[in-house]
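Visitor: I have a new structure open and would like a quick tour. Can you walk me through it?

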Amino acid sequence: MLEIAASVTNLQWTTEHHFRHIQNQHEFMRRWAVQFELAYTDFKTIQIALQLAEKTELYERFTKAYQAVYPYEAAFAMDGLEGFNEKFATQLDDYEQAHDELLAVLKELEQLK
């Protein structure tokens with residue numbers, strides 16, 4: 001399997017950092033958007049590795065978990081805190097659950113050799 005340790009670590013950090021940033025209602029900053037884009041690259045790298053290793057079930061769970069987090073982060077990246085709150089202010093618990101699930105799958109990926 002392709003080496004994905006750095007991508008897993010980066011995506012774990014970004015997922016946690018971005019959730020806490022939004023949860024604490026911090027304002028948008030440019031580096032947040034850059035991190036968001038880099039996290040997408042890590043996501044795609046991990047997907048490719050899982051496909052090449054024929055880890056179909058893990059690929060599907062990972063993809064589903066990432067796609068559950070993506071709309072929340074995308075709303076913040078595209079429309080800032082105000083735009084995020086307009087769409088998702090009442091759904092922070094759902095975002096937290098999606099965030100927790102993605103981190104759980106990433107923890108599994110850490111164990112792959």
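Visitor: Leaving aside neighbours within four places in sequence, which residues is phenylalanine 19 in contact with?

Guide: Phenylalanine 19 is in contact with Leu92, Tyr95, Glu96 and His99. Contact means heavy atoms within 4.5 Å. A word on the source: this is a predicted model, where local features need pLDDT of at least 70 and side-chain atom pairs count only at pLDDT 80 or more, while totals for chains, interfaces and linings use all residues. Residues are numbered from 1 along each chain as its sequence is written, and side-chain values use heavy atoms, with hydrogens and water left out.

Visitor: Where is phenylalanine 19 found?

Guide: Phenylalanine 19 is found in helix α1, residues 5–23. Helices (H or I, at least four residues) and strands (E, at least two) are DSSP runs, numbered from the N terminus.

Visitor: Is phenylalanine 19 buried or exposed?

Guide: Phenylalanine 19 counts as buried, because its relative accessibility is 2%. Buried means under 20% relative accessible area, exposed means over 50%, and partly exposed lies in between (1.4 Å probe, protein chains only).

Visitor: How far apart in space are phenylalanine 19 and alanine 33?

Guide: They are 13 Å apart, C-alpha to C-alpha. In sequence, 14 residues separate phenylalanine 19 and alanine 33.

Visitor: Let's look at whole helices. At what angle do α1 and helix α4 cross?

Guide: The axes of α1 and α4 (residues 92–110) cross at roughly 165 degrees and come within 10 Å. Axes are lines fitted to C-alpha atoms, for helices over the stretch in contact, and angles run from 0 to 180 degrees between N-to-C directions.

Visitor: Does that make α1 and α4 roughly parallel or roughly antiparallel?

Guide: Roughly antiparallel. Angles under 35 degrees count as roughly parallel, over 145 as roughly antiparallel, 65 to 115 as roughly perpendicular and the rest as oblique. The crossing of α1 and α4 is left-handed. That term applies if the near helix is turned anticlockwise from the far one by less than a right angle; clockwise makes a crossing right-handed.

Visitor: Which residues make the contact of α1 with α4?

Guide: From α1, they include Val8, Leu11, Gln12, His18 and Phe19. From α4, they include Leu92, Tyr95, His99, Leu103 and Glu110. By class, this contact has 10 nonpolar, four polar and five charged residues. Ala, Val, Leu, Ile, Met, Phe, Trp, Tyr, Cys and Pro count as nonpolar, Asp, Glu, Lys and Arg as charged, and the others, Gly among them, as polar.

Visitor: What does glutamine 12 touch, beyond residues up to four places away?

Guide: Glutamine 12 touches Leu103, Leu106, Lys107 and Glu110. Its side chain is joined to that of glutamate 110 by a polar contact of 3.5 Å. A polar contact is a pair of N or O atoms within 3.5 Å; within protein, one must be able to donate a hydrogen and the other to accept it, and residues adjacent in sequence count only if both atoms are side-chain atoms. Glutamine 12 lies in helix α1 and counts as buried, at 15% relative accessibility.

Visitor: And histidine 18, buried or exposed?

Guide: Histidine 18 is buried, with a relative accessible area of 0%. Histidine 18 is also in helix α1. Not counting residues up to four places away, histidine 18 touches Trp32, Gln35, Phe36, Glu73 and Tyr95.

Visitor: New topic. How do α2 and α3 cross?

Guide: Helix α2 (residues 30–52) and helix α3 (residues 56–88) cross at roughly 170 degrees, and their axes come within 11 Å. They are therefore roughly antiparallel to each other. The crossing of α2 and α3 is left-handed. Among the residues making the contact are Phe36, Phe43 and Gln47 of α2 and Phe62, Thr63 and Glu73 of α3. The contact residues divide into 15 nonpolar, three polar and one charged.

Visitor: What does threonine 63 touch?

Guide: Phe43 and Gln47, not counting residues up to four places away in sequence. Threonine 63 is in helix α3. At 11% relative accessibility, threonine 63 counts as buried.

Visitor: What about the loops? Which loop holds glutamine 25?

Guide: Glutamine 25 is in the loop between α1 and α2. Glutamine 25 has a positive phi of about 60 degrees although it is not a glycine. At 34% relative accessibility, glutamine 25 counts as partly exposed.

Visitor: And where is glutamate 54?

Guide: In the loop between α2 and α3. Glutamate 54 has a positive phi of about 55 degrees, though not a glycine. Glutamate 54 counts as exposed, at 70% relative accessibility.
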